[in-house]
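Subject: Structure handover and notes

Dear colleague,

Please find the structure below, followed by notes on what was found in it. I would be grateful if you read the notes with the coordinates open beside you.

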Amino acid sequence: MFDAFPYDEWSEDVAEFWTFGGGGSTGTWIMTILGFAVMLVAFWGFVILENRKLTHQASRLKASGALDRPPESSTTGHEA
Amino acid sequence: MISSIFWIAQATIEELEERIALDSAILAETFYFWTVVVMWLIHVGFMAYEGGASRRKNLMSTAMKNILTIAVVTPTFYYFGWYIYGCFQEGWPKNGHASPAAAEGFCGASAPWSSAMGPNLQDHITGVFFLAFLLFSWTTGSIMSGAVIERIRLSAYLILTAILGSVVWIMDAAWGWSSGGWLPRQFGFHDAIASGVVHGVAGVFAFGVLLNLGPRIGKYTADGLARTFRPHNTHLTLMGLMLIFTGFYGFYAACLVIQSTVFPGWLNIYLSPTTLGAIAWVITIGFAGGFTGGWFASKGDPFWTLSGGLAGVISVSAGADVYHPSLAYLLSITGGMVAVWSGTYIEKRLRVDDAVGAVAVHGVAGFYGVLLVGIFAGGYPTGINNVESSLGGQLVGIMAFLPLAFLPGYVVSWILKRMNLLRVPPEVELEGLDMAEFQQDFYPEFERVPEIVIEPDGREVDGAPVLLESYWQTSADGRPARAGVGVGEERS
């Protein structure tokens, strides 16, 4: 079999092999908590950033007057 | 080659068994990996489908929802979605991390800090199995995505889709779409290819959201009659649906279980026997029946013909592991028809603005499919307890899933609405979401033409006066009044 690397021996002795430790290790816990925290911050960021954009654009559109209802024309016939 | 033959001659039975077990595990790993690749097409398809169905001014904001679904559902599903699936199969993890009884220790192994949730030389299955479920989660989000286009805030959608994809659907999957779930083990609940657990639940969740979101500005007249907004690119929509159909083959395949040294052959998710050929028959003839039903029920409408195909497949998915092709053909025709009729009812009678008919195609057809199993596959043994499927068992499942799907969608969207975070400002909706979100039009080389809306009587009118009149009557909370009848001018 393939003998450049002790794969058979290694796969029997080693299961999880990711960076910062195996399952339940301190390193894995820290990475999990960090990832979870960043995920929450990302949600907060999605809300805040979009709210800014929408508020800005809505204010701009209102200020432009382009969406205002045109003044109703007089139908009473009174003249100055 | 010669050395391999020499090794086989020298190997002991134990060594050969070990090698076969490893090959079998790697084969299963490869199989699920490629189902995931094929299932990506579902999301390509949903993006094209919804993007084409939107008006030009909302194209990118519509597509961005589908793209960012992946950005939020993936980490939430990794950090707690998969954990829910592992731990809540019995309703509650009765033995903590040793739960459930049917797959002892799966709860603990599904925690994000466990040894199974990362590169592991002794575990070839967890990673790809997790990914297949993750793709189902994206699908639930994409189902809701189409219903809410053109007025929902991107951020609100992302919060809702994370809850749907990483809490709601995966909870119902734990209950009714697992070998240890309380629904199959106690009631013989049978939903093999996820008519209800994916499609039905996502459709009903979307319905709860739509009730709070409200219709698009100008969708309904003062009399409550529905106008039609013309999709900006029907070709893109139809191509998107065809891509979804292609991806569905991966979806179907990923719903089966295979590992030859552990199981006797192909099994469904409840570990009852079936074959890949059985479900391939049903999905293909299900499309055929669905297109036929959709065509006749909609009198040849292209959108509903293709949506009918999807609904047809969804309506036979629950029993796809046991249905005869002829039965699947007949049932899927009715499924396509049910979707068209219910979609029309939801739009015109309930006055709920579901932009792509997702509630009808996925929600109604999904639960219809669950019900059909009780009628046409009653008596078929399901799961490791071999409890017979029955109409009663299917109804128990439906009664469990309906509130599980509807309440979170309704309550969370209601909270977002109260915080003024659910819907874009009406001015932005009128102008189009792309200008606010991205500050650009995404067809810069094409001249803009006036927006057209189709009045309930079929007249095509200039959209601007209709939409402006509705905008002016918009209430303070951002929900548009159903106004603007008759203000459009008929186009010559």
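A crossing is called left-handed if the near helix is turned anticlockwise from the far one by less than a right angle, and right-handed if it is turned clockwise. Helices (H or I, at least four residues) and strands (E, at least two) are DSSP runs, numbered from the N terminus.

Please bear in mind that this is a predicted model, in which local features need pLDDT of at least 70 and side-chain atom pairs count only at pLDDT 80 or more, while totals for chains, interfaces and linings use all residues. Residues are numbered from 1 along each chain as its sequence is written, chains are lettered from A and ligands numbered from 1 in the order in which they are written, and side-chain values use heavy atoms, with hydrogens and water left out.

Helix packing

Two packed helices are described by the angle between their axes and the distance between the axes. Axes here are lines fitted to C-alpha atoms, for helices over the stretch in contact, and angles run from 0 to 180 degrees between N-to-C directions.

Helix α10(B), residues 276-297, packs against α11(B) at an angle of about 135°, with the axes 6 Å apart, which makes α10(B) oblique to α11(B) (angles under 35 degrees count as roughly parallel, over 145 as roughly antiparallel, 65 to 115 as roughly perpendicular and the rest as oblique). The crossing of these two helices is right-handed. Their contact (heavy atoms within 4.5 Å) involves, among others, Gly286(B), Phe287(B) and Gly290(B) of α10(B) with Trp304(B), Gly308(B) and Gly312(B) of α11(B). By class, the residues of this contact are 10 nonpolar, 7 polar and no charged, where Ala, Val, Leu, Ile, Met, Phe, Trp, Tyr, Cys and Pro count as nonpolar, Asp, Glu, Lys and Arg as charged, and the others, Gly among them, as polar.

The axes of α11(B) and α12(B) come within 7 Å and cross at roughly 125°, and the two helices are therefore oblique to each other. This crossing, too, is right-handed, and Trp304(B), Gly308(B) and Gly312(B) are among the α11(B) residues that make the contact.

The largest pocket

The largest pocket holds about 980 Å³ of space. On a 1 Å grid over the protein atoms alone, a pocket is an open set of points where a 1.4 Å probe fits, with protein on both sides within 12 Å along at least five of seven lines, and lining residues have an atom within 4 Å of a point; grid points are joined across faces, edges and corners, and a volume is the space filled by probe spheres set on the points. Of its 39 lining residues, Thr228(B), Asp301(B), Phe303(B), Trp304(B) and Glu347(B) are the closest to the centre. The largest share of the lining, 7 residues, comes from α12(B), and the lining as a whole divides into 19 nonpolar, 9 polar and 11 charged residues.

Backbone and loops

The peptide bond from Ser99(B) to Pro100(B) is cis, with omega near -10°, and Pro100(B) sits in the loop between α3 and α4 of chain B. In chain A, Phe20(A) has a phi near 65°, a positive value in a residue other than glycine, and belongs to the loop between α1 and α2. Trp113(B), in the loop between α4 and α5 of chain B, touches residues including Gly23(A), Trp29(A) and Tyr83(B), not counting residues up to four places away in sequence.

With best wishes
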